[in-house]
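The entries follow the order in which I looked.

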Amino acid sequence: MVKLIIDGQNVEVPENTTILEAARSMDINIPSLCYLKGINNIGACRVCIVEVDGVDNMVSSCNNPVKEGMVIHTNSPRVREARKTNTELILSQHDCKCAVCSRSGNCTLQTIANDLGILSIPYPMKVPPYKWSPRSPLIRDASKCIKCMRCVQVCDKIQTLNIWDVEGTGARTTVDISFNRKIMDSDCSFCGQCVIHCPVGALSGRDDTPRMFEALANPEKV
Ligand code: SF4
Ligand code: SF4
Ligand code: FES
């Protein structure tokens with residue numbers, strides 16, 4: 001077991017527990033976006049950062065294990081400021097039209113931005129364009145993708161279909177169908193696992209409600 005202090009409280013957790021899981025075991029909530037327990041711990045979003053006494057840089061809590069004697073601050077002014085900046089940077093590459101988003105009200109990014117009191121984005125907006133096959137029952141909106149890689153890992157590790165992959169480098173890094181395929185030419189089973197695990201509205205199911213009403217109003221079909 002490892003003994004440490006989080007936000008002034010003593011805690012003892014098994015070795016190799018992450019700082020995030022140790023905090024959550026004490027009902028201390030550290031926000032997270034890209035982390036998915038046992039599936040994705042690449043430390044991409046950095047909204048889960050915490051301050052550790054004696055360590056200069058902020059530490060991502062989702063992929064760093066606890067160490068004996070650590071003293072951790074999850075909600076200090078420095079942590080809140082850095083977390084806010086990291087979230088604002090994510091939002092600057094995100095189409096933030098919450099009112100017309102399928103995930104509004106059930107979106108981790110929206111919740112974190114609200115909790116941090118973000119009401120404006122002090123960085124130039126760079127939102128990638130949206131292009132997708134209208135034939136696909138699974139919709140991907142690149143303008144909302146925060147590049148958390150959850151979809152890639154869920155499809156690889158749970159469905160073992162490897163449909164998604166990282167594309168591009170540096171600022172142009174994004175996620176798309178692997179091997180430069182189109183969604184309708186891939187082996188996607190449309191199971192919906194990636195949609196469920198996307199923390200924002202970048203993946204969704206096509207809304208066929210208007211087509212259904214059209215069919216219901218057609219006496220030749222009903
Ligand atoms: S994905 Fe979330 S933050 Fe982005 S527009 Fe939709 S609800 Fe808003
Ligand atoms: S589509 Fe969703 S799950 Fe996949 S990388 Fe983008 S935000 Fe993450
Ligand atoms: S949740 Fe830890 S870096 Fe994204």
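**Entry 1: Arg78 and its partner.** I began with Arg78, which is partly exposed, with a relative accessible area of 39%. I noted at the outset that the model is a predicted one. Arg78 forms a salt bridge with Glu51, and the closest N and O atoms are 3.0 Å apart. Arg78 lies in helix α2 and Glu51 in strand β3, so the pair ties together parts that are 27 residues apart in sequence.

**Entry 2: the chain as a whole.** I next turned to the overall form. The C-alpha trace of the protein chain spans about 70 × 40 × 35 Å along its principal axes. Its secondary structure comes to six helices and nine strands. I recorded that 45% of the 222 residues count as buried. I also looked at contacts between residues at least 6 apart in sequence, and 60% of these join residues at least 24 apart.

**Entry 3: two domains.** How is the protein chain divided? I found domain 1 at residues 1–127 and domain 2 at residues 129–222. The contact between them takes 20 residues from domain 1 and 20 residues from domain 2. I noted that the C-alpha centres of the two domains lie 26 Å apart.

**Entry 4: the interface.** The size of an interface is often given as the accessible area lost when the parts come together. Domain 1 and domain 2 bury about 1,600 Å² between them, and 55% of this is on carbon and sulfur atoms. I counted zero salt bridges between domain 1 and domain 2. Polar contacts, however, join eleven residue pairs across the interface. On the side of domain 1 that touches domain 2, I recorded twelve nonpolar, five polar and three charged residues.

**Entry 5: other salt bridges.** How many salt bridges does the structure hold? I found six. In one of them, the side chains of Glu21 and Lys37 meet, with N to O at 4.0 Å. Glu21 lies in helix α1 (residues 19–25) and Lys37 in the loop between α1 and β3 (49–52), so this pair ties together parts that are 16 residues apart in sequence. Lys37 is exposed, with a relative accessible area of 60%.

I then looked up Arg181 and Asp187, whose side chains meet in a salt bridge at 3.8 Å, N to O. Arg181 counts as partly exposed at 21% relative accessibility, whereas Asp187 is exposed, at 53%. I also noted that salt bridges that share partners join Arg206, Asp208 and Arg211 into one network.

**Entry 6: Ser92.** My last entry concerns Ser92, which is found in the loop between α2 (77–91) and α3 (108–115). Is Ser92 buried or exposed? At 5% relative accessibility, Ser92 counts as buried. I left aside its neighbours within four places in sequence and found Ser92 in contact with Ile121, Tyr123, Pro124, Met125, Lys126 and Val127.

Note on methods
Residues numbered from 1 in each chain as written. Chains lettered and ligands numbered in written order. Predicted model: local features only at pLDDT ≥ 70, side-chain atom pairs only at ≥ 80, totals over all residues. Heavy atoms only, no water. Domains from an automatic or database assignment. Contact = heavy atoms within 4.5 Å. Buried area = accessible area lost by both parts, 1.4 Å probe. Polar contact = N/O pair within 3.5 Å; in protein donor to acceptor, adjacent residues only side chain to side chain. Nonpolar A, V, L, I, M, F, W, Y, C, P; charged D, E, K, R; others polar. Helix = DSSP H or I, 4+ residues; strand = E, 2+ residues; numbered from the N terminus. Buried < 20%, exposed > 50% of the residue type's maximum accessible area, 1.4 Å probe, protein only.
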